[in-house]
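The sequence and the model come first.

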Amino acid sequence: YQRRVRGLDVGGASTEAQGYKYHPHCFCCATCSKQITGNFFIKDDKPLCSTCANPPVCSKCGSQVSGKYVMQGSQAFHAHCMDLKGCAKCGGELTSEIVTAGDKRYHPRCFCCGGCGTPLTAYIDVPGRGPMCRDCAQNNTGMSCAGCRGAITSEYLTLGSEKYHTACFKCANCSTSLGTGNYFQRDGKPHCGTCVGN
């Protein structure tokens with residue numbers, strides 16, 4: 001909160017409150033000292049930002065928040081009411097807005113794809129790799145086709161512990177496509193009815 005002088009010409013852009021003019025960078029909240037750029041309130045002849053004038057109520061305990069608090073969507077929480085362990089990516093303290101994905105919490109700036117680094121608005125949780133965008137998740141599942149050894153990035157079929165692209169699910173003997181039809185298993189490999197009969 002800066003000292004005010006009534007009638008002083010501050011020159012250029014200014015904000016006026018209670019008959020006083022302020023340089024824009026000098027017009028700060030008397031409580032939190034942040035520059036006021038939007039709506040403000042006067043309390044005890046001092047300017048307050050809208051947050052300090054109307055402090056939020058903790059959505060968990062119901063008491064008014066002050067000091068450090070966390071915004072999750074439109075809900076405010078005391079940091080201690082959230083039982084925060086820190087950002088799942090950087091480990092830093094979570095004291096403002098957070099993003100929750102599963103049982104993990106992130107700074108919004110840290111909630112990025114583990115593959116390409118793109119900020120996420122939707123994600124797929126890839127075990128051992130964390131949240132990823134759809135494209136990276138499909139390319140980083142760690143699954144490979146038992147038929148062609150290529151990466152599995154879409155639908156697949158399973159035979160025992162082996163996974164196959166639908167197009168690669170063929171008879172191990174004659175290479176007839178088995179698709180999603182009938183097949184037989186011999187020595188852990190798929191076979192068509194003709195080859196099993198031989």
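How far is the sulfur of Cys171 from the closest cysteine sulfur, and in which residue is that sulfur? The closest cysteine sulfur is in Cys195, 3.7 Å away, which is too far for a bond.

## Basis of the model

This is a predicted model, in which local features need pLDDT of at least 70 and side-chain atom pairs count only at pLDDT 80 or more, while totals for chains, interfaces and linings use all residues. Residues are numbered from 1 along each chain as its sequence is written, and side-chain values use heavy atoms, with hydrogens and water left out.

## Cysteines

A disulfide is a covalent bond between the sulfur atoms of two cysteines. Here a disulfide is counted when a pair of cysteine sulfur atoms lies within 2.5 Å, and the structure holds 0 of them.

Cys171 is buried, at 2% relative accessibility; buried means under 20% relative accessible area, exposed over 50%, and partly exposed in between (1.4 Å probe, protein chains only). Cys113 is also buried, at 3%.

## His107

His107 sits in the loop between β8 (104–106) and β9 (124–126). Strands are DSSP runs of E, at least two residues long, and helices are runs of H or I, at least four, each numbered from the N terminus.

With a relative accessible area of 5%, His107 is buried. Apart from neighbours within four places in sequence, His107 contacts (heavy atoms within 4.5 Å) Cys87, Cys90, Gly92, Glu93, Leu94 and Glu97.

## The chain as a whole

The chain has 14 strands and 4 helices. Of its 198 residues, 27% are buried.
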